Amino acid sequence: MKRLIPTMLVMAMLGLAVLHTSCNKDKNEEPDPKPEPVRLDRDTVSSWLARSSFYITDAWRFSGKDSVDMFKADTLLRLYANAAFLNFYIEKGNGQIMFHGGGSQIPNTEIPGNALTFSLNIRIFLPTEMSLKWNEEMGTLGVETARTTSYFPMIVPGKKGYLDPASFNVKMSMEQAKNAKIKPSIRFIYDDDDPKLGKVTYKITMKPMYQYYRDPGQQVSAKYVVFP
């Protein structure tokens, strides 16, 4: 009997150890709770984007595990991005995307660092035929293409996308943008059905352009900067 008691104690301790390990394993195997989706405020987004200019920096297509840099797949898209600088006409979540009626990149001789500088027409703005409408269910800004134009022959009518809420990073002033560790940008996403690839997702990133110089009395053009 004296020998049986220690043996029973050892077995009991081993049993508790196994039970404890099993409980910990069950706890570890429980999936982490999904984070709450990011939701944006309609009026904040509208006020920050209103009459702001943006430069498209990259466009990607995702299909399953594959990703394609659309600027490399179609070099014409890069030419359009370097010629069409977008401008948001928006109020209370509704509006349209326009583009400057002229502009080009110019040598950076004034802004320290690797900033990109541009000269843009600030008098004439032309339509892209892309409308903006707030999506309350998603908590973000929606965009829809209305029609194809001679300015943007690649646009297909009836395509819907949205501003990725997690990407919304806009600074109100040039100084804030310049000093930010993570430079400001926004990203639009839209899903599509490709006749060859099936379901695909496009992600287009653009960066805000800040006006840093305009000649006194000048009403036609101004200089802008983008922080990569």
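Trainee: Okay, where is serine 185 placed?

Mentor: Serine 185 is found in the loop that runs between helix 5 (174-179) and strand 10, where helices are DSSP runs of H or I with at least four residues, strands are runs of E with at least two, and both are numbered from the N terminus. Before going further, keep in mind that this is a predicted model, in which local features need pLDDT of at least 70, side-chain atom pairs count only at pLDDT 80 or more, and totals for chains, interfaces and linings use all residues. Residues are numbered from 1 along each chain as its sequence is written, and side-chain values use heavy atoms, with hydrogens and water left out.

Trainee: Got it. Does serine 185 count as buried or exposed, and why?

Mentor: Serine 185 counts as buried because its relative accessibility is 18%, and the cut-offs are under 20% relative accessible area for buried, over 50% for exposed and partly exposed in between, with a 1.4 Å probe and protein chains only.

Trainee: And what does serine 185 touch?

Mentor: Not counting residues up to four places away in sequence, serine 185 touches Ser167, Phe168 and Asn169, and also Thr205, Met206, Lys207 and Pro208, a contact being heavy atoms within 4.5 Å.

Trainee: Pro208 is on that list, then. Where does proline 208 lie, and which residues is proline 208 in contact with?

Mentor: Proline 208 lies in strand 11, and once its neighbours within four places in sequence are left aside, the residues in contact with proline 208 are Ser53, Phe54, Pro184, Ser185, Val225 and Val226. Proline 208 also counts as buried, because its relative accessibility is 5%.

Trainee: How far apart are proline 208 and leucine 86?

Mentor: In sequence, proline 208 and leucine 86 are 122 residues apart, while in space the C-alpha to C-alpha distance is 9.4 Å.

Trainee: Let's move to serine 104. Where is its place, and what is it in contact with?

Mentor: Serine 104 has its place in strand 5, which covers residues 103-106. With its neighbours within four places in sequence left aside, serine 104 is in contact with Phe85, and also with Phe118, Ser119 and Leu120. Serine 104 is partly exposed, because its relative accessible area is 35%.

Trainee: How far is serine 104 from lysine 223?

Mentor: Between the C-alpha atoms of serine 104 and lysine 223 there are 10.0 Å, although the two are 119 residues apart along the chain.

Trainee: Switching to the backbone, what is phi for lysine 92 and for glutamate 129?

Mentor: For lysine 92 phi is near 50 degrees, which is a positive value in a residue other than glycine, and for glutamate 129 phi is near 65 degrees, again positive in a residue other than glycine. For context, most residues other than glycine have a negative phi.

Trainee: Where do lysine 92 and glutamate 129 lie?

Mentor: Lysine 92 lies in the loop between strand 3 (86-91) and strand 4 (94-100), whereas glutamate 129 lies in strand 7. As for cover, lysine 92 is partly exposed, because its relative accessible area is 48%.

Trainee: Now the inside. Which residues have the most contacts in the largest nonpolar core?

Mentor: The largest nonpolar core has 30 residues, and those with the most contacts inside it are Leu49, Phe88, Leu163, Phe168, Ile186 and Met206; such a core is a set of buried Ala, Val, Leu, Ile, Met, Phe, Trp, Tyr and Cys residues joined through side-chain atoms within 4.5 Å. Apart from that core lies another, of 9 residues, including Leu120, Ile122, Ala222 and Tyr224.

Trainee: What is leucine 163 in contact with?

Mentor: Leaving out neighbours within four places in sequence, leucine 163 is in contact with Leu40, Val45, Thr140, Leu141, Phe168, Ile186, Arg187 and Phe188.
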